[in-house]
Amino acid sequence: MKTRYNLGLRTVIVLLFGLALGACGEKDKTPVNLDPVAFHATDECHVCGMVISDFPGPKGQAVEKEGIRKFCSTAEMLSWWLQPENRILDARLYVHDMGQSHWDQPDDSHLIDATQAWYVTGTPLAGAMGASLASFADQQAAEALAAEHNGTVMRFDEIDQEFLQQAAAAQHGDLHEAMQHGDMHDMMNSEMH
């Protein structure tokens with residue numbers, strides 16, 4: 001009888017242990033929403049800490065199971081994403097489709113997959129820190145903006161840290177050159193209108 005009791009007790013313990021492990025596995029199977037979210041007036045950039053809504057141009061966000069990181073520009077998001085410790089995250093990246101949005105206030109209902117977007121660089125359009133990279137869902141819309149401003153169209157995979165640094169330097173070089181030639185007033189007035 002003692003053997004039956006021990007065998008029965010062992011069976012119950014194994015079953016309870018199995019149920020406990022099964023319950024732990026259920027948490028991992030809960031679906032996580034990785035859809036883009038709206039930007040709010042108080043959101044701060046994950047990289048620089050500045051208030052995102054204070055800047056024109058497309059914004060970016062990284063959505064993962066651990067939370068959402070928001071960025072004041074596409075360049076800030078891409079710079080963050082290109083860091084090795086961030087590349088291993090299971091995050092979805094989103095940017096505004098500027099073919100569907102006004103530059104001064106991008107429409108959050110037009111956030112698109114950043115990895116599938118077309119990016120335009122080399123325009124005089126003002127944005128947040130770094131280079132202003134206009135993001136588009138449609139290649140023709142990106143090419144039209146590039147043609148209008150003598151810019152360049154790039155894909156997500158073509159953008160690396162070196163490119164972002166060069167693009168930021170070129171954009172700031174235009175500002176520095178305008179200041180040296182006394183054109184700063186004209187440049188500021190043209191951006192306001």
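Before the first task, one definition: strands here are DSSP runs of E with at least two residues, numbered from the N terminus. Keep in mind that this model is predicted.

**Exercise 1.** Work out how β1 and β2 pair, and how many residues lie between them.

*Solution.* Start by finding the strands: β1 covers residues 60-64 and β2 covers residues 67-71. Next, check the direction: the two pair in the antiparallel sense, over five bridges. For one of these contacts, take Gln-61, whose bridge partner in β2 is Lys-70.

**Exercise 2.** Decide whether helix α2 is mostly covered or mostly open.

*Solution.* First locate α2 at residues 74-81. Then apply the cut-off: a residue is buried if its relative accessible area is under 20%. Seven of the eight residues pass, so by that cut-off α2 is mostly covered. Among the buried ones are Glu-76, Trp-80 and Trp-81.

**Exercise 3.** Describe the largest cavity and what lines it.

*Solution.* Begin with the count: there is one cavity of 30 Å³ or more. The largest cavity holds about 40 Å³ of space. Its lining includes Pro-56, Thr-74, Trp-103 and Leu-133. Thr-74 also belongs to the buried residues of α2.

**Exercise 4.** Sort the lining of the second largest pocket.

*Solution.* This pocket has about 220 Å³ of space. Residues lining it include Phe-39, His-96, Lys-59 and Asp-104. Sorting gives five nonpolar, four polar and three charged residues.

Technical notes: Residues numbered from 1 in each chain as written. Predicted model: local features only at pLDDT ≥ 70, side-chain atom pairs only at ≥ 80, totals over all residues. Heavy atoms only, no water. Pairing = 2+ DSSP bridges. Helix = DSSP H or I, 4+ residues; strand = E, 2+ residues; numbered from the N terminus. 1 Å grid on protein atoms, 1.4 Å probe; cavity = no way out; pocket = protein on both sides within 12 Å on 5 of 7 lines; lining within 4 Å. Points joined across faces, edges and corners; volume = space filled by probe spheres on them. Buried < 20%, exposed > 50% of the residue type's maximum accessible area, 1.4 Å probe, protein only. Nonpolar A, V, L, I, M, F, W, Y, C, P; charged D, E, K, R; others polar.
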